[in-house]
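Please keep the sequence and the structure in view while reading.

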Amino acid sequence: QNQDSHKESVPGATMVDIVAPADFPAGYMFQARLNERRFLAVVPPGGVKKGDTFNCEFTELNSGNCQVPTHNWKDGFSEVI
C-alpha cells in the first residue's frame with residue numbers, strides 16, 4: 001500500500017519506502033533504520049497494516065535536521081508511576 005500521494009514533502013527531501021513492522025494508525029511515528037542510519041518514520045493518512053509499504057521523508061535523527069514533535073504527555077503523573 002503506497003500512500004505517498006497523501007504526504008506533502010519538503011522540496012528536495014529524500015523520500016524512502018518503508019515496510020511497516022506492525023499495524024500503525026495515521027500519524028504514528030517510529031524509529032527506522034536505513035543502512036545503519038536512524039530516522040523518524042511517519043505513518044501516512046489512513047494508517048498501515050504490518051507488511052504494507054509506504055513512502056516517507058528521510059531525515060536522519062542524529063543529523064540535527066530532524067524536528068522531533070513535542071506535545072504534552074498524554075497520561076497524568078499518577079499514571080506514569
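The chain has an accessible surface of about 6000 Å², and 49% of this belongs to carbon and sulfur atoms. Accessible areas come from the Shrake-Rupley method with a 1.4 Å probe, and for residues only the protein chains shown count as cover. The model is predicted: local features need pLDDT of at least 70, side-chain atom pairs count only at pLDDT 80 or more, and totals for chains, interfaces and linings use all residues. Residues are numbered from 1 along each chain as its sequence is written, and side-chain values use heavy atoms, with hydrogens and water left out.

**Overall composition**

The secondary structure amounts to 1 helix and 4 strands, arranged along the sequence as β-β-β-β-α. Helices (H or I, at least four residues) and strands (E, at least two) are DSSP runs, numbered from the N terminus. Of the 81 residues in the chain, 28% are buried; buried means under 20% relative accessible area, exposed over 50%, and partly exposed in between (1.4 Å probe, protein chains only). For contacts (heavy atoms within 4.5 Å), 49% of those between residues at least 6 apart in sequence join residues at least 24 apart.

Strands β2 and β3 run antiparallel and are joined by 6 bridges; two strands pair if DSSP finds at least two bridges between them. One of the bridge partners is Val42 in β3, which pairs with Met29.

Asn35 is located in the loop between β2 (29-34) and β3 (37-42) and is exposed, at a relative accessible area of 69%. Glu36 is in the loop between β2 and β3 and has a positive phi near 70°, again without being a glycine. Glu36 counts as exposed, with 66% relative accessibility. As background, most residues other than glycine have a negative phi.

Gln31 belongs to strand β2 and is partly exposed, at 46% relative accessibility. Gln31 and Val42 are separated by 11 residues in sequence and by 9.0 Å from C-alpha to C-alpha. Apart from neighbours within four places in sequence, Gln31 contacts Arg38, Phe39 and Leu61.

Is Val43 buried or exposed? Val43 is buried, with a relative accessible area of 3%, and is placed in the loop between β3 and β4. From Val43 to Tyr28 the C-alpha to C-alpha distance is 5.3 Å, while the two are 15 residues apart in sequence. Beyond its neighbours within four places in sequence, Val43 is in contact with Phe24, Pro25, Ala26, Gly27, Tyr28, Phe30, Val48 and Phe54.

**Aromatic pairs**

Rings of Phe, Tyr and Trp (its six-membered ring) pair if their centres lie within 6.5 Å; planes under 30 degrees apart count as stacked, over 60 as edge-to-face and the rest as tilted. The count by this rule is 5 aromatic pairs. Two of them are listed here.

| Pair | Centre to centre | Angle between planes | Class |
|---|---|---|---|
| Phe24 and Phe30 | 4.9 Å | 25° | stacked |
| Phe30 and Phe54 | 6.4 Å | 70° | edge-to-face |

Because Phe30 lies in strand β2 and Phe54 in strand β4, their pair ties together parts that are 24 residues apart in sequence. Phe24 and Phe30 are both buried; for Phe30 the relative accessibility is 13%. Phe54 is also buried, at 0%. One aromatic cluster is formed by Phe24, Tyr28, Phe30 and Phe54, and these four residues are among the contacts of Val43.

**Glu57 in β4**

Glu57 is in strand β4 (residues 53-57) and is buried, with a relative accessible area of 18%. The side chains of Glu57 and Thr59 are joined by a polar contact of 3.4 Å. A polar contact is a pair of N or O atoms within 3.5 Å; within protein, one must be able to donate a hydrogen and the other to accept it, and residues adjacent in sequence count only if both atoms are side-chain atoms.
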